[in-house]
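Please examine the structure shown below. The paragraphs that follow lead through selected side-chain contacts and aromatic rings.

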Amino acid sequence: TATGWAVWGHVYDSNTKPLSGYCVFLVDGQKIFQRAYGFSYTDSTGSFVINFDGGSAATGKAASTPTVFLAITNANAQPVFVGAAPLSLTMGSATYVDTTLPEGEPVLGDLPEEIRKVAVPPSNKY
């Protein structure tokens, strides 16, 4: 929409093989999950899209463009990537981001609780 933006792209391994089932989301400068923008899982081609429709119907005002960074977890819900540079988001447009993960896919720590609550399926223990 004219008051929103989108981030789309692909996630690849170090051999440019598409990675499926990875969770892509946005974090702020303190690496805190930005729940308002949602998240996406990569498909069989490594593609993802995060759409944000913009302003609040309650206020009638358009949202400002946030300073956010791309973050990715692997299929085991382990953080493997956080972008070093903020995304250049522009209202009314889409930003394309291809990400190639380093060989060996280093795990960057524990998944933030905020994203774990919404993006990781609950385990069924019997």
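The side chain of S40 comes within 3.2 Å of the backbone oxygen of V49, a polar contact (a pair of N or O atoms within 3.5 Å; within protein, one must be able to donate a hydrogen and the other to accept it, and residues adjacent in sequence count only if both atoms are side-chain atoms). This is a predicted model, in which local features need pLDDT of at least 70, side-chain atom pairs count only at pLDDT 80 or more, and totals for chains, interfaces and linings use all residues. Residues are numbered from 1 along each chain as its sequence is written, and side-chain values use heavy atoms, with hydrogens and water left out.

S40 belongs to strand β3; strands (E, at least two residues) are DSSP runs numbered from the N terminus. With a relative accessible area of 10%, S40 is buried, a term for values under 20% (1.4 Å probe, protein chains only). Beyond its neighbours within four places in sequence, S40 is in contact (heavy atoms within 4.5 Å) with residues including Y22, C23 and F48.

The whole structure holds six aromatic pairs, meaning rings of Phe, Tyr and Trp (its six-membered ring) with centres within 6.5 Å; planes under 30 degrees apart count as stacked, over 60 as edge-to-face and the rest as tilted. The ring centres of F25 and F33 are 5.7 Å apart and their planes stand at 80 degrees, so this pair is edge-to-face. Both F25 and F33 are buried.

Y37 and F52 also pair edge-to-face, at 4.9 Å centre to centre and 85 degrees between the planes. Because Y37 lies in the loop between β2 (23-27) and β3 (39-41) and F52 in strand β4 (residues 47-52), the pair ties together parts 15 residues apart in sequence.

Methods:
Buried < 20%, exposed > 50% of the residue type's maximum accessible area, 1.4 Å probe, protein only. Helix = DSSP H or I, 4+ residues; strand = E, 2+ residues; numbered from the N terminus.
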